[in-house]
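Visitor: I have the sequence and the coordinates to hand. Please take me through them step by step.

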Amino acid sequence: MSASPVTLMVARRVEHGRYFDFNRWLNEGRELAADFAGYLGSGVLAPPADDDEYQIIFRFSSSETLAAWEHSASRHAWLTRGKGLYEAPQEHRATGLDTWFQNNGNSAPPRWKQAVAVWLAFFPISLLFQWVFGGVLADWALVPRVLVSTLMLTPVMVFVFIPLSTRLLAPWLQGKCSPLDLLARWRHAHR
């Protein structure tokens with residue numbers, strides 16, 4: 001079993017006309033999960049206008065704490081109450097950084113490639129941040145300066161630039177091409 005955080009991602013298609021009931025049921029489940037030891041948070045990604053598949057994310061401190069929640073009587077009762085609100089769900093589990101790097105059933109790339117992808121996202125955004133805000137923050141004490149920069153940069157990195165980096169580097173991350181191939185593709189696309 002894993003000692004690092006585990007993310008459970010569940011895709012559920014809502015039955016036509018049951019959106020209100022589904023959302024109420026879903027919020028009940030999120031509240032239920034929050035009562036379990038090891039619960040770190042949850043989120044819901046609503047579908048685009050032309051779709052009805054919700055992405056539901058639950059994060060627990062370890063595989064053991066996730067398993068305790070998954071096998072609990074209260075969760076089983078909650079799932080039973082949800083029958084008829086959605087089609088059969090699809091589930092996927094990931095730990096650590098692997099959540100950014102696993103897609104379409106592929107295994108996660110080596111850690112050194114993950115580090116390169118994160119650095120390639122982080123460096124230009126950090127540089128831009130320092131260029132824009134560095135003068136303003138220069139006179140601040142170290143802790144508030146780092147606090148403000150990480151509070152501003154972390155969401156941007158997590159929700160925009162690391163996913164972008166992993167998508168752009170996907171062929172290299174999955175071993176389907178070399179860095180030189182990626183550079184050649186980029187040059188060809190930007191002529």
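Visitor: What are the helix and strand percentages over residues 116-134, and how far apart are the end C-alpha atoms?

Guide: This is a predicted model, in which local features need pLDDT of at least 70, side-chain atom pairs count only at pLDDT 80 or more, and totals for chains, interfaces and linings use all residues. Residues are numbered from 1 along each chain as its sequence is written, and side-chain values use heavy atoms, with hydrogens and water left out. Helices (H or I, at least four residues) and strands (E, at least two) are DSSP runs, numbered from the N terminus. Residues 116-134 are 100% helix and 0% strand, and their end C-alpha atoms are separated by 25 Å.

Visitor: Which feature does UniProt place at residues 116-134 and 146-164?

Guide: UniProt positions are given in the numbering used here, feature names are shortened, and annotations may be inferred rather than shown by experiment. In the model, residues 146-164 are 100% helix and 0% strand, with end C-alpha atoms 24 Å apart. For residues 116-134 and 146-164, the unreviewed UniProt entry gives "transmembrane region".

Visitor: At what angle do the axes of H5 and H6 cross, and within what distance do they come?

Guide: Two packed helices are described by the angle between their axes and the distance between the axes. Axes are lines fitted to C-alpha atoms, for helices over the stretch in contact, and angles run from 0 to 180 degrees between N-to-C directions. H5 covers residues 111-137 and H6 residues 142-168. Their axes cross at roughly 145° and come within 9 Å.

Visitor: Is the crossing of H5 and H6 left-handed or right-handed?

Guide: A crossing is left-handed if the near helix is turned anticlockwise from the far one by less than a right angle, and right-handed if clockwise. For H5 and H6 the crossing is right-handed.

Visitor: How do the residues of the contact of H5 with H6 divide into nonpolar, polar and charged?

Guide: Contact means heavy atoms within 4.5 Å. Residues of H5 in the contact include Phe122, Ile125 and Phe129, and those of H6 include Arg145, Met152 and Phe161. Ala, Val, Leu, Ile, Met, Phe, Trp, Tyr, Cys and Pro count as nonpolar, Asp, Glu, Lys and Arg as charged, and the others, Gly among them, as polar. The division is 15 nonpolar, three polar and one charged.

Visitor: Which residues does Met157 touch, not counting residues up to four places away in sequence?

Guide: Met157 belongs to H6. Its relative accessibility is 4%, so Met157 is buried (buried means under 20% relative accessible area, exposed over 50%, partly exposed in between, with a 1.4 Å probe and protein chains only). Met157 and Val118 are 39 residues apart in sequence, yet 8.8 Å apart in space, C-alpha to C-alpha. Beyond residues up to four places away, Met157 touches Ala121, Phe122, Ile125, Ile162 and Pro163.

Visitor: Is Lys113 buried or exposed?

Guide: Lys113 sits in H5. Leaving aside neighbours within four places in sequence, Lys113 is in contact with Trp172, Leu173 and Gly175. With a relative accessibility of 11%, Lys113 is buried.

Visitor: And Arg167: is that residue buried or exposed?

Guide: Arg167 is placed in H6. C-alpha to C-alpha, Arg167 is 39 Å from Ala73, and 94 residues separate the two in sequence. At 59% relative accessibility, Arg167 is exposed.

Visitor: How far apart in sequence are the parts that the pair of Trp25 and Trp78 ties together?

Guide: Rings of Phe, Tyr and Trp (its six-membered ring) pair if their centres lie within 6.5 Å; planes under 30 degrees apart count as stacked, over 60 as edge-to-face and the rest as tilted. The count comes to 11 aromatic pairs. Trp25 and Trp78 are stacked, 4.2 Å centre to centre with 5° between the planes. Trp25 lies in H1 (residues 19-34) and Trp78 in H3 (residues 73-81), so the pair ties together parts that are 53 residues apart in sequence.

Visitor: Which residues of H2 are buried?

Guide: H2 spans residues 63-70, and six of its eight residues are buried. One of them, Trp69, has 0% relative accessibility, and Trp69 is stacked with Phe60 at 5.4 Å centre to centre and 25° between the planes. The buried residues of H2 are Ser63, Thr65, Leu66, Ala67, Trp69 and Glu70.
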